[in-house]
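Thanks for making the time this morning; I would like to walk you through one model, and please keep it open on your screens while I talk.

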Amino acid sequence: MATTVRRAVLTLPAAPLGPENPLPALCPPPAPPALDERARRALPRDTARQAAYGHLRSLLPVRIRDGYGRQRTETRVEALVLENAHLRATVLPGLGGRVHSLVQVPTGRELLYRNPVLQPAAFALNGAWFSGGIEWNIGATGHTALACAPLHAAAVPAPDGGTMLRLWEWERLRDLPFQVDLWLPRDGEFLYAGVRVRNPHERPAPVYWWSNTAVPETPGLRVLAPADEAWHPTAEGALRRIPVPEWEGADRTYPLRSTHASDYFHEVAADAGTRPWIAALDGTGGGLVQTSTSLLRGRKLFAWGSGRGGRRWQEWLTEPGTGGYAEIQAGLARTQREHVRLEPGAELSWLEAYGPLSADPGAVHGPDWAAARAAVGKALEAALPRERVDEAYAAWRAAADTAPGERLARGSGWGALEVLCGRLDLPGTPFTGADLGEEQRPWLELWRSGALPAAEREEPPGPTLVAPHWRDMLETAPADPLTEYHLGVAQWHAGDAAQAVRSWERGLPAARPRWPLLRCLAAADLLVGDPERAARRYAEAFADLAATRPDGEAWDAAESALGREAMTALLDAGRPPQARAVWEGLRPAVRELPRFRLLGAMLLAAEGHAAAARRVFEDGFELPDLREGEEVLSEVWTRITDHPLPAAYDFRMHPPSRNPEPAARKPPAPGPAAQGPAGPEPGRPEARRPAAG
């Protein structure tokens, strides 16, 4: 059977993504814990160097995705299907190019954890993410900002004369184009993924890549890799080397034998003699294996663990009773703390392979770890010799520049804007004028005429571009309030907070409306440590928005986002009356949103009405954008009552603190739940899943 690529439509219970948050993400994303000198000395030199390189200042120019809910309806989802006689891969180009399903055709066995629903949750760098399948994480430490974004897709001739599916996009956090070519050889039993990341700029760029594969927690599931040691986060945020498979009295290669959510970065030797692979095999010795060419050296097991919090999170991401999952992952570096340097004009490319594997269950689950590893390695070599992977990579690499044919799906227009303005040549991944849309139009005009066009109608400002060449154009453009707004955002991203504040203050007197600039100034006040002035400006910004807001989805999103930030800042500053004024200024439909139900309870608690605050919890609500590691539910509950936390609100990934800080006074964690200006929450790293899964 020749490989085919066809369109398909899935019908799945799905929660709508909703609009993007229109407020620029000025808050820095949560960073991995800083490593002190002692912790750095304990790491290999390349890991210590790469762990200190390339951390994000902000999520700009990406916007936060926090407009989703938890009401799911039957939804038609566009899919692309690759199939040969052995495998059928279903890909969702509109949702980050996720491989949603990988089925053995002869047996009908699903090799991946296929989520039966599409439920966004606040796990990605910019918010919305969903679990299951194979995801392609590019950008920075964390789940990619493209997790729920559309990618370009087209059919391309495969090296063996068949057809492969090309996915490509412009990754905006690093301004780098990438592609993933999915290929099923005519008689092959493995899905190949050829990956390329290019740096078309005249400056080096930090690169992060991890391919994350969700596998079902089948009975006896064991995860094996060619390693005798692994790196595991400590309570202080360092990385310690631990033995594999047994550590602290339990065999950690069985995901359910960890109590809390845990990461294990396998120490796979980087020398040419060690083949990189990772396998998830059930009690019968069968399951999925992933291998690659040597550049993709990192391998990791993520386990949710058997604790109450981990199980609750699994239910939150899908439906109760549908089974849990673990993740096997592969990356460019040893750990997910690291970014690798990509020189100007250079590229990184490699080939991955995913497929079924069966090995002797007695050896796989036996007490001898070396024998278990050897049995799986031998079975892999028989199913897919290493030389065949290297040959497939060479053949694919010769086809990586091939121009794609008919477009099967369309991504964003940001790559087309950068290619046009930078006069870039990127064979194999066409970013064309047909990709340009309304969001790119003002920036195309700035490039052509030197000025941003005046807004045609009153609406929240659109996205800001922050790369150096766009900042330069804004600095020489006519200084109207909209330009000063965008210029300040770009300067803030560049680390020039003082100049950003001056730009926003220059634009404020003539601005109509004033709230976008006031909000930026308020966020800056909080981030530089002036909560009192921030509270005043937030109150003024929300009053301005409430007085001028028209109807429309974008305005609803602005009211919700600014209302959340303003109430949080006012409560943190000890100003319940002003927070009450914001609450009263919200439209009734907004006050009924789950995040405002919680803020209402916090407001009642701050006003001394603990019983009324508790009734909010008793009436019931769910926070769709509850961020992993965020313990605001338990903190507010502890503030208003001594009763045990109800199970429906228990997302704690570690035992509760003996002396919890009052929730209404604690700064919000950054991210979709509250992208106002606060630093990351303290907590035990092994009890909070790292952002990259």
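Let me begin with pairing: two strands count as paired if DSSP finds at least two bridges between them, where strands are DSSP runs of E with at least two residues and helices are runs of H or I with at least four, numbered from the N terminus. This is a predicted model, in which local features need pLDDT of at least 70 and side-chain atom pairs count only at pLDDT 80 or more, while totals for chains, interfaces and linings use all residues. Residues are numbered from 1 along each chain as its sequence is written, and side-chain values use heavy atoms, with hydrogens and water left out.

Take strand 22, residues 298-303, first. It runs antiparallel to strand 23 (residues 325-331), to which 5 bridges join it, and within that pairing Lys-300 has Gln-329 as its bridge partner. Strand 19 (residues 262-266) also pairs with strand 22 in the antiparallel sense, over 5 bridges, with His-266 standing opposite Arg-299. Buried here means under 20% relative accessible area, with exposed over 50% and partly exposed in between, using a 1.4 Å probe and protein chains only. By that criterion 6 of the 6 residues of strand 22 are buried, so the strand is largely enclosed by the rest of the structure.

Now to the loop between helix 7 (414-422) and helix 8 (441-449), where Thr-429 is found. Is Thr-429 buried or exposed? Thr-429 is buried, at a relative accessible area of 2%, and, leaving aside residues up to four places away in sequence, it touches Trp-168, Gln-179 and Arg-198, contact meaning heavy atoms within 4.5 Å.
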